Amino acid sequence: MIRARFLTLLLSLLVAGCTARKGAGPSVSADSVRRNDSALAAPGAVPVERVLSYEERQGSALYMKYCAVCHGKEGKGDGFNAFNLDPRPRDLSDSSSMAALSDAQILQTIGGGGRSVNKSPLMPSYAWTIDDRQIRYVAAYIRTFSAGE
Amino acid sequence: MKPLRLTFAIVAVLFLVVLAVSPLKDYLREWKHDQIEYNRLVAGLPQRVKPVDIGIRQVWVQKLDRVDRCVTCHLGVKEPALHAAPEPFRTHPRIYHDVDDLGCTFCHEGQGSATEYRESIGKVKYWDRPILPRAYLEASCAKCHREKDVPQAPILNLGRRLIRESNCVGCHKLEGNEKQWTPSLDGIGEKVNRAWLVNWLKHPRAFAPSTRMPNFLLTDEEAGTLADFLMSFRTFPREAALEPVPPDLASAGADRKAKLVELGATRFREARCISCHPINGKGGYVAPELGKIASKVSAQWLYNYIKQPKRLQPGVVMPRYRFKDEDLAGVVAYMESEFVDYDMEQPPPHTPDPGFYEKGLALFKKYSCGGCHALAGMGRAEETGPELTGIGAKRLYEIDFGRSGIEETLPAYLKTKLLTPHAFGGSMKMPQFEFREDEAEAIAVALLGKTDDKIPPDLIVPDAPPGTFAPQGDFGKLVDDLACLGCHVMNGRGRLIGTDLSLEASQARRAWIEGYFKVPYSLRPVLTERMPNLYLSDAEIKTLVDYMETSFISDSLDHTVSADPAAAAIGRGLFYERYGCQSCHQVGGKGGYVGPPLDRAGTRLTAGWIFHWLKNPQGLKPGTIEPNNNLSDAEADALTAYLLTLK
């Protein structure tokens with residue numbers, strides 16, 4: 001009797017020790033579950049083409065406020081004020097010309113204006129209007145216009 | 001003996017296995033795997049990133065009494081080189097808060113002390129605050145940020161605005177929100193017709209898509225009874241009586257009528273009614289839709305209302321236009337002929353139920369109409385819905401998800417409740433607001449931020465105290481009569497649709513302000529909300545401008561520049577060649593139209609204003625998109641001198 005009980009106890013301990021690990025191990029399948037954002041996404045959320053990162057979303061709000069009037073809502077250089085400008089604002093969705101620009105150049109243009117990069121003074125400088133971090137947000141967002149479809 | 005030995009052998013082996021379980025389990029810890037993986041990842045990076053020692057890591061935030069072990073696996077949160085690494089190693093987005101300062105779960109929720117993924121996200125039994133889905137993350141900003149416009153939290157700001165505008169506090173108690181002005185129902189029987197009222201009660205948005213009034217999903221019978229009940233209230237507040245319409249309007253022949261309509265159309269345009277009122281969805285957004293107004297209100301009510309809005313509807317934010325009697329008759333004739341709903345459904349003929357009053361009153365109370373609308377001296381009712389303060393900390397077991405079949409989380413519950421209030425049961429009283437999905441999410445975000453967390457006082461960013469500016473005397477009476485604060489802000493009070501007038505006399509020249517009252521023209525013709533022509537008398541204009549010249553002025557903005565043409569020439573160069581001001585401003589028909597045209601800047605603006613504006617635009621008008629160009633005093637002087645020559 002005692003022996004049987006002892007065995008049962010041992011067995012149950014063993015089983016408990018094993019089951020506790022079940023489903024949480026560092027196996028590939030468990031990883032794929034945990035990396036899956038859809039488990040955290042809002043119920044009924046419609047998947048969008050490309051989810052903007054936090055910085056890009058912040059940049060998007062700033063872009064719409066300060067930049068879109070000339071550069072256009074989709075960065076095509078066709079904002080409502082673009083047609084009053086000569087030269088026209090740059091097309092930010094042109095991937096070949098944007099790829100040629102380094103991040104530092106983009107930050108410099110936004111912060112120091114066109115004149116600081118030897119371009120038209122029609123592009124104003126924003127370094128004293130928004131802070132460095134915000135300029136980075138905008139730069140990150142601008143990159144999304146030319147990111148491949 | 002033998003079986004005993006065998007048993008002993010088996011037991012010994014089993015015991016060994018059991019003992020081995022513990023070190024094995026420890027070796028296989030999820031986070032250890034992640035840390036090894038992390039070290040492998042950073043070893044392969046071109047940049048030098050320090051590998052981590054294997055072990056539990058945590059952030060202890062004393063002031064919030066939180067210990068977050070999320071950083072055990074989220075190892076790259078502060079490592080910029082890992083901005084494109086796979087989760088859980090990716091750099092945290094650059095925000096204004098530091099993980100050492102606030103920890104993780106204060107914003108993200110979840111179980112900070114857990115060391116296993118499933119437990120840390122808090123989707124386990126008895127953990128009431130699971131990790132917030134990304135769409136609802138801004139809820140946490142609300143814990144400390146009580147100000148109206150939280151920087152970088154557009155969803156939270158939208159949610160708070162919708163809560164305010166939808167007047168949720170009509171029925172629910174919610175800290176930090178006050179009941180909005182809503183029209184009183186006194187005299188409604190003299191104002192509208194029953195057919196309209198029945199249709200309105202059944203589906204308000206069918207008549208006015210922009211209305212704040214929600215849909216109570218009334219049955220035909222309920223709508224009819226409630227309409228009969230409301231139509232029996234024929235006394236206006238403070239016993240105001242309707243004047244008869246002028247005989248000209250009442251009994252005009254066809255010719256005369258056509259003339260009146262034509263005159264009214266002109267006055268209607270000049271008065272810029274559409275600055276505030278939408279007409280079939282086009283126009284302003286702060287006042288009710290006018291597109292079908294003639295099918296709603298009687299001509300007599302309309303005439304009396306436009307003549308003296310506050311007499312019939314105390315507290316309404318509508319200016320009293322100084323129309324001549326003939327002009328007013330014209331405006332009413334025009335609106336009566338133009339804004340008719342030809343498709344209005346006529347309810348079937350009926351005889352009122354003899355008990356309509358009792359039944360209607362019961363319905364009025366059941367749906368808490370009195371939460372928003374005052375009626376017959378009852379004032380506005382107390383809140384009848386559940387209190388919403390602290391709803392962000394609501395425990396899941398307190399929520400009845402019914403048969404909705406939705407995911408059982410608080411965000412999902414709130415969103416569903418806002419979209420389809422009756423999803424959790426049929427007898428709920430909450431009306432349908434017809435929010436869009438993103439609007440419902442935004443409101444849920446604002447509500448989720450109403451937690452019961454104890455926030456250290458030094459972290460709280462309070463809202464600006466409400467403005468207390470209350471002009472008195474003749475000026476005060478005019479401000480009230482003309483509802484100036486409906487569109488303008490004065491010393492922190494009012495609604496900013498037009499401009500902030502607190503420094504108006506420092507900004508604009510006296511002659512220009514006087515002229516502007518006579519012929520208001522828009523500096524930015526693309527705007528819908530333009531200053532209306534209120535047809536003020538010279539004496540009234542003088543009262544207004546005199547007050548501005550003594551009160552809406554700041555000596556700190558005084559500045560003089562030399563009238564030397566050479567300075568102006570330098571300024572012109574700066575304007576066109578260096579700062580590219582013509583990108584946004586028109587001068588002489590050339591230039592952009594983002595900012596106002598500067599053609600008559602020298603007539604309109606003072607030297608002090610131009611100078612200080614150029615030096616720091618956001619200092620004078622927070623949020624303006626005019627960039628601060630960091631001008632030197634000499635540059636600003638030269639530009640000011642140039643702009644003053646534009647007359």
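Me: How do you know that the span of helix H28 (residues 633-644) of chain B agrees with its number of residues?
Reply: In this predicted model, the end C-alpha atoms of H28(B) are 16 Å apart. At 1.5 Å a residue, its 12 residues should span 16 Å, so the two values agree.

Me: What makes H28(B) mostly covered?
Reply: A residue is buried if 20 or more other C-beta atoms lie within 10 Å of its own, and 9 of the 12 residues of H28(B) are buried. They are Ala636(B), Asp637(B), Ala638(B), Leu639(B), Thr640(B), Ala641(B), Tyr642(B), Leu643(B) and Leu644(B). Their cover includes helix H24 (565-578), helix H25 (601-604) and helix H26 (607-615) of chain B.

Me: Why is H16(B) called largely enclosed by the rest of the structure?
Reply: Because 10 of its 14 residues are buried. Among them are Leu328(B), Val331(B), Tyr334(B) and Glu336(B). The buried residues of H16(B) pack against H12, helix H13 (254-270) and helix H14 (299-307) of chain B. The span of H16(B), residues 325-338, also agrees with expectation: at 1.5 Å a residue it should be 20 Å, and the end C-alpha atoms are 20 Å apart.

Me: Why are H3(A) and H6(A) called roughly perpendicular to each other?
Reply: The axes of helix H3 (residues 54-71) and helix H6 (residues 132-146) of chain A cross at roughly 95° and come within 7 Å. Angles of 65 to 115 degrees count as roughly perpendicular, and the two helices are therefore described in that way. Residues of H3(A) in this contact include Leu62(A), Tyr63(A) and Cys67(A), while those of H6(A) include Tyr137(A), Val138(A) and Ile142(A). By class, the contact has 8 nonpolar, 5 polar and 2 charged residues.

Me: Which element gives the most to the side of chain A that touches chain B?
Reply: In total, 38 residues of chain A are in contact with 43 residues of chain B. Helix H1 (2-19), H3 and H6 of chain A each give two or more residues to that side, and H3(A) gives the most, with 7. The side of chain A that touches chain B has 20 nonpolar, 9 polar and 9 charged residues.

Me: What confidence does the predictor give chain B and the complex?
Reply: The mean pLDDT of chain B is 90, and 99% of its residues reach 70 or more. Among the elements of chain B, H12(B), residues 247-250, has the lowest mean pLDDT, 80, and H26(B) the highest, 96. For the complex, the predictor gives an ipTM of 0.74 and a pTM of 0.82.

Terms used:
Residues numbered from 1 in each chain as written. Chains lettered and ligands numbered in written order. Predicted model: local features only at pLDDT ≥ 70, side-chain atom pairs only at ≥ 80, totals over all residues. Helix = DSSP H or I, 4+ residues; strand = E, 2+ residues; numbered from the N terminus. Expected span 1.5 Å × (residues − 1). Contact = placed C-beta atoms within 7 Å. Axes fitted to C-alpha atoms, helices over the stretch in contact; angles between N-to-C directions. Parallel < 35°, antiparallel > 145°, perpendicular 65-115°, else oblique. Nonpolar A, V, L, I, M, F, W, Y, C, P; charged D, E, K, R; others polar. pLDDT = per-residue confidence, 0-100.
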